[in-house]
Amino acid sequence: MRLVAVDRLAQQHGLTSRQSLGDARALVPNLIAREVDHDLLTALFADFADWHSYASPIVAVMADRASYGDLVLDITGVSYLFGGEEAMLQRVTERLAQLGFAVGGAIAATIGAAWALAHYRPGTILASGEAETLFTALAELPVAALRLDAEQVAGLNRLGLKRIGQIRDRNRKAMTARFGHGLVERLDQALGHIDETLRPRLPPVEHFAERRFAEPVGLLDDVLMTGRDLAIRLCLQLQAAELGARAFHLFLYRVDHKVTVFTVNAARATRDPAHVARLFAHRAERLTGEFDPGFGIDMIRLAAGDLCRLDATQIGAFERRDGTEDLDHLHDRLASRLGSRAVLRLAFVNTHIPERSECLLPADETIPVDPEAEPDPDRPRPLRLLPQPELVEVARAEVPDGPPAGMVWRRIPYRFVKVSSPERIAAEWWRDDFLLSTRTFRQPTPEEIAERKSREPIEEIKRHPIPSRDYFIVEDEAGHRFWLFRQGFYTQATMPDWFLHGVFA
Amino acid sequence: MSADNVIKLKREITPREAAPPLAFAELLATSNFSFLRAGSHPDELVMTALMQGMTGIGICDRNSLAGIVRGYTALRDLREDSEFSEQAKAFRYVVGARLVFADGTPDIVTYPTDRAAYGRLCKLLTTGNRRARKGECILNFADLAAFAEGQLFILQVDETRLQASEEALAALRNLARGRVWLAANCTYDGNDRMRLNRLADMARRHRVPLIATNDVLYHEPGRCVLQDVVTCIREHLTIATAGRRLEQNAERHLKFPMEMARLFRDHPDALAQTQAVLNRINFTLDELKYNYPKETVGNGETAQQTLERLTWAGMRKRYADRKRFPDGIPPMVVDGVRSELKLIAEMRYAPYFLTVHDLVHFARYKRKILCQGRGSAANSMVCYCLEITEVEPSVGNLVFGRFLSTERNEPPDIDVDFEHERREEVMQYLYRKYTRERTGLTATVVRYRTRGAMREVAKVFGLSSDAIAAMNGLNWGSQDGKPRSQRVSRLGFDPDEPILSKVLDIAGELMGFPRHLSQHVGGFVITRDKLDHLIPVANAAMDDRTVVEWDKDDLDALGILKVDVLALGMLSCIRRAFQYMHVHYGQDLTLDGILDEERQDKTLSARVYAMAQRADTIGVFQIESRAQMSMLPRLKPAEFYDLVIEVAIVRPGPIQGGMVHPYLKRRQGLEDAEEVNPRLRAVLERTKGIPLFQEQAMQIAIVAAGFPPGKADQLRRAMATFRRSGTIHKLRSEFLAGMKANGYADDFAARCFSQIEGFADYGFPESHAASFALLVYVSCWLKCHYPDVFACALLNSQPMGFYAPAQILRDAEEHGVEIRAVDINRSDLENILEPGRRAAAHVLPRHAEMAGDIRSKMAIRLGLSTIKGLKEDHINIIVARRGDGYRSIRDLWLRTGLAPAVLEKLAEADAFAESLGLDRRDALWAIKGLIGTDGAETLSLFAAAGLPAPGRDEKTDLPEMAPGEAVIEDYKALSLSLKGHPVQFLRQNLVRRGIIAAAELVKTPAGAIVEVAGLVLVRQRPGTASGIIFMTLEDETGIVNIVVWNRVFDNNRLTVLGSRLIAVRGEVQREGQVVHVIARAFTDFTPDLMALARGEEPIAIGENTRPARRRRMELDAEARAALPSGRNFH
């Protein structure tokens, strides 16, 4: 693994990109390294590009050197909106800088020159588009500033050709023969001898629908109504593409170059316009000052996200309705109305410990299901588990691991006539609170934490090997079946307690 | 319920409690040799079963017998141990395997009843192994038919597939009537009673007995922690998500017979059946002993007779020289040989010696391969007479007896080193002679060590890969042992944090667990019987190689013959040197001949020793490291035995035991040897009362601590095989008590013990050191008289040793040898010798006293293989088609047909300068233009037409390279430069800063504070030097040795580890001729070097603007790409 990017602090510690992670760690043991998520970065820059659509109608992400990292704005005829080129450059870079990015920017007549300057002389504004002016500005820059391949750069450097100024006047044919057509082309592009076209990013969102208004709108109802229309159009698109979406974003472009986004999520991929519109309506009920149309909204766009394949479904004759779809819709609606964390549902957990074998999860979240988490049919579990195991008094029990002959639970005595063999369940020793607890779960006191720290975990486990419970299924004279367990073992020093954990039907 | 109801306590039974006569043996015990499926070592299982009062134990691993010898040796040691010997002698240890089938048959455990049945089991497993990829074994139920005779079977029902299990039981019973049992165990899953009844019913229906077991995975309940962790490792799970894939409870440990009786109270016969099985097994591993091959015996003689004949004949040859031995063979030698032969006869080891003798003779006389034996048994007159070793044992005190002690029935151990490039020939010979059926490679058990254990356990606990890497980074320099908690906390981790502390603890316990079997580099097993009837054999990673399941300790324990056929780079180097001597100087040298000169001409040999005393030993075998070089001027070796000591003393064993300084003091006469009793004095006399060799340490245990030899060896093994068992502490206190009882001082005793500890892994036996010392002398001799030949041979035998080619060349140059650059028309694949100048006339003043000894008159021409990234095939084409030389680059291209990318590599190495007059950039320009400038000129057309190639290449107007840059480019392409040293281009700036050169350092008084700068050649952190780092820097005038204390290192970690070119400020320290600088502060000069080499102004260190930083980074990255990073040694 190698470093691909380092921040200023890392540079000061002598780290460089391309260094191997192992070496870097030897140098800076407490280095914080994150793996590059190229997809995330690409997506992030796509978002930036969209965001910059407030500044210029034509925004592109340049993918020459990496699929992210270089934003190109065609500012022909827009800079006056920002009070001139200088002010515009400053405003654009500052906003990114405020977000915590390291930004360099430049303005020039050609894409190539602007790129070179942004990377090697950030802040430069080159008003003139004259080839000579451009060349003078670029001559001293390293050849890498021409957006060349690493290989081309290395080849040029090896021949001692390190600055752009050194290569312009060489024999073009000889250079092309040695470094390929790309070199001369890049040079010509930077100097404006040949044109380079931008591929604007918008419309990059594959599936969206939008409406522009001649007169800006400002009322929430108008927005929602437009949203419903757009939902119908968008869903038709999705249907044609056999896709469904799990997220829907409503972009509100204000006349003052601000974008507000509302997002709703669905538990499963959908393209039901009524459902989508309903989700936005519910979402609108929760608005608290987020909706601010300012001077009005002149464009609304509805985009689908989190796309996945959704084949056409047959409705009617052979439809199988098991209710899951309705349940999901209910979850979506409740969650969009009450908030995502307010609606929960039960899921199985893969564990031996009975009271931990289920957990609550947000209802609109799809979770990867552990196929082995389903309960094991060979290990019968009571239909009703008591919220808290209840201490019972037992009559004689065979030592060391026999069942009791009877018990007193909630002051009523029971006499058992049938019992099973013990089922022994050991505590999950790796958990911090690994001692199987039968009391209410409480935060350990600082003293207890200190005490726990002073123990060697392995030693402790060895001293009294994993605490465990022995469970018995017992049946009394009246045919009631109980799930009973003994916590721990009979030893000379301790008399274990017995608990009732559940009742069978 | 009242307390008096508590009758029996399940977990608190003490072994001392009078056990009722309950006979139970656990027959389904899985050890951790069923890799990642069980939580205990075989010896732990055996020991615990014994303590619990079982009558025996059977270890059965999954389709493998890899762990059985461990259990066997554990029991053997217990039998020798007085405390438990009674119990242990009655205890039965039976070996078997759990057969796991590929066709869905439930697991069947099998125990062979006699030797023949054991052979069949091995054969079965071999068949399964050979079918599968390395590390797997594929068995089908059908395979059992041919092998069932003499086996006892225990079938384990697969609960999920009852029907299939029942069918398998029926089939098995038909196959082996009366020899089948049905296993039953209590799992505490809530259905035990029901299941036992069901199994009993099934057993009744098929008329097979039920047998009680606990299907054991670990020896004591606490190990279930480790069991859960290894399960997660195996299944790639994290402990938090593993859930029900882990065992529900911790019940699969060895249980006391009484507890088993209670669990099976409704089925008492099941318990008794364990005894029935034990009683029917007659096989023990003892029956495998002494399975020596017979081939070496010809003409009707017994092996012993052949050995004696060869030995006497060899002796007459060895002592034939009338000048040295005017009175014939010394009587002492005859006596020695006689008593050795007697011992060999007694122990029946003759075939072993004959096998090694045969091997050595084949290599030496049939193939002319240099080889030499070493190892414990090599220290014998017999080996010397048989020409297995070259060092006459009389130089030392023979301790042959210890290794062939009649008490320890372990075979002698001889390793033979061969030239590393030709070892394969010897291996092929072995295969041919003993056939593949009887020859195999020994295994090595790859075990979890600190890093691996940490990584796996941390993964199981879900720690991020960053955290894992960081934690493993802690152990820079230490291989074993728990990471120290202070280091952990320095990383920003809290070592007391529960998860982390569990990870550290469990990793500590996992350490030493076998992970998988691998093959030993050169260990051969040779047997009389077919190998696959003795040990299961498996496919090795390499085609055509097979590897057995046991490692060398296992084979030792059973007395099975093994020969280590090892590779030694220095032998290849010496062989080459001898060849060059023959070709260029017309001299025919042999190892023996050079050694003879040492013995006979003291004035000549004094010159060689003089060189060693000056520590002028770069490239010399063994004594070239920093530590060795600083020892030489102090030890001042003046005779052969001094070299033996020199080799042995700078080893972790003696260093750890604190033996070095006392020895030096005594040698310099500053201190007298302490008074010890005569027996111990005899042991330690040659080493001035200080134990330096492995066998001395063992002899102290015997002589001074009163250990019987067997126990002394047990001590050695206890320390060699991972320090986990408690036995080591017991042995330690016995050792100390023993020495005290014999009247030795406590601190002397403690010192001896700590040295034995060090020896366990890193000590040299004397014979070993002596064999190495021979190569030390020979390589010294070559370097002393023919530095050209020596350097050339050494370079062509790379990689080996401590130094990079650049340093070896530089050293040769300092001794007057001319080095010539790589050239397209003059270089071969390897470095070659060309007629040159008389080296003695060009020796640097520093080595002036050598001038009289240097006889070199050749120059070294660097070979094309020096060029990084150039393939050997391509070089061969270049050399083969060269004819009378290439006239231009185009000519080269057309004649060789090599791709321009390949030619570029030549250009980058500046290989066109000398004969074509093209510098790097000119050549590159020409190569880049080969395709495309004159498009019509295609390769095949011209090659076919045989047209004369175009003439010279044009010069270009490309910017010329600064001299410094050219040097750096040389480093990039060749890792060295003949044009200069990178540091010289910085010198002006360095001088301005007050930095002095290495050459000036020699004149600096001790205690002065100086600053030096150079390329970092080596960083070394020896495990023994309590964290000190040694750095070696090189500038254009020489080498500087830096010592970095731990604290200073921690504060300057970045600079020390990251710099290619570094300046160090510190205090001068002198020890004889060796000068160190004790570092205090560091400056990284790496980027400046690059700037200056280009003739640019370096960026001021204080300057911290953005472009400056950026530029600095660029330069730094470039310099890093070019310059060697320095070798890091641990």
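User: Which residues are linked with A:Asp401 in a network of salt bridges?

Analyst: This is a predicted model, in which local features need pLDDT of at least 70, side-chain atom pairs count only at pLDDT 80 or more, and totals for chains, interfaces and linings use all residues. Residues are numbered from 1 along each chain as its sequence is written, chains are lettered from A and ligands numbered from 1 in the order in which they are written, and side-chain values use heavy atoms, with hydrogens and water left out. A salt bridge is a side-chain nitrogen of Lys or Arg within 4 Å of a carboxyl oxygen of Asp or Glu. Linked with A:Asp401 in such a network are A:Arg424, A:Asp470, A:Arg486, B:Glu251, B:Lys255, B:Glu259 and B:Arg262.

User: Is A:Glu423 buried or exposed?

Analyst: A:Glu423 belongs to strand E12 (residues 423-426) of chain A, where a strand is a DSSP run (E) of at least two residues and a helix one (H or I) of at least four, numbered from the N terminus. Relative accessible area under 20% means buried, over 50% exposed, and in between partly exposed (1.4 Å probe, protein chains only). Because its relative accessibility is 6%, A:Glu423 counts as buried.

User: Which side chain joins that of A:Glu423 in a polar contact of 2.7 Å?

Analyst: A polar contact is a pair of N or O atoms within 3.5 Å; within protein, one must be able to donate a hydrogen and the other to accept it, and residues adjacent in sequence count only if both atoms are side-chain atoms. Beyond its neighbours within four places in sequence, A:Glu423 is in contact (heavy atoms within 4.5 Å) with residues including A:Arg379, A:Arg381, B:Tyr188 and B:Asp189. The side chain in the 2.7 Å polar contact is that of B:Gln248.

User: What distance separates the closest N and O atoms of A:Glu390 and A:Arg410?

Analyst: These two residues form a salt bridge. A:Glu390 lies in strand E9 (residues 384-394) and A:Arg410 in the loop between strands E10 (406-409) and E11 (412-419) of chain A, so the pair ties together parts 20 residues apart in sequence. A:Arg410 counts as exposed because its relative accessibility is 54%. The closest N and O atoms are separated by 2.5 Å.

User: Which residue forms a salt bridge with B:Arg993?

Analyst: B:Arg993 is partly exposed, at 39% relative accessibility. The N to O distance in its salt bridge is 3.3 Å. The partner is buried, at 5% relative accessibility; the residue is B:Glu1011.

User: How many aromatic pairs are counted over all chains?

Analyst: Rings of Phe, Tyr and Trp (its six-membered ring) pair if their centres lie within 6.5 Å; planes under 30 degrees apart count as stacked, over 60 as edge-to-face and the rest as tilted. Ring pairs link A:Tyr471, A:Trp483, A:Phe485 and A:Phe499 into a cluster. Over all chains, the count of aromatic pairs is 22.

User: What is the arrangement of the rings of B:Phe621 and B:Phe772?

Analyst: Both B:Phe621 and B:Phe772 are buried. Their ring centres are 5.0 Å apart and their planes stand at 80°. The pair is therefore edge-to-face.

User: What is the arrangement of the rings of B:Trp781 and B:Tyr786?

Analyst: B:Trp781 and B:Tyr786 are both buried. With centres 6.1 Å apart and planes at 40°, the pair is tilted.
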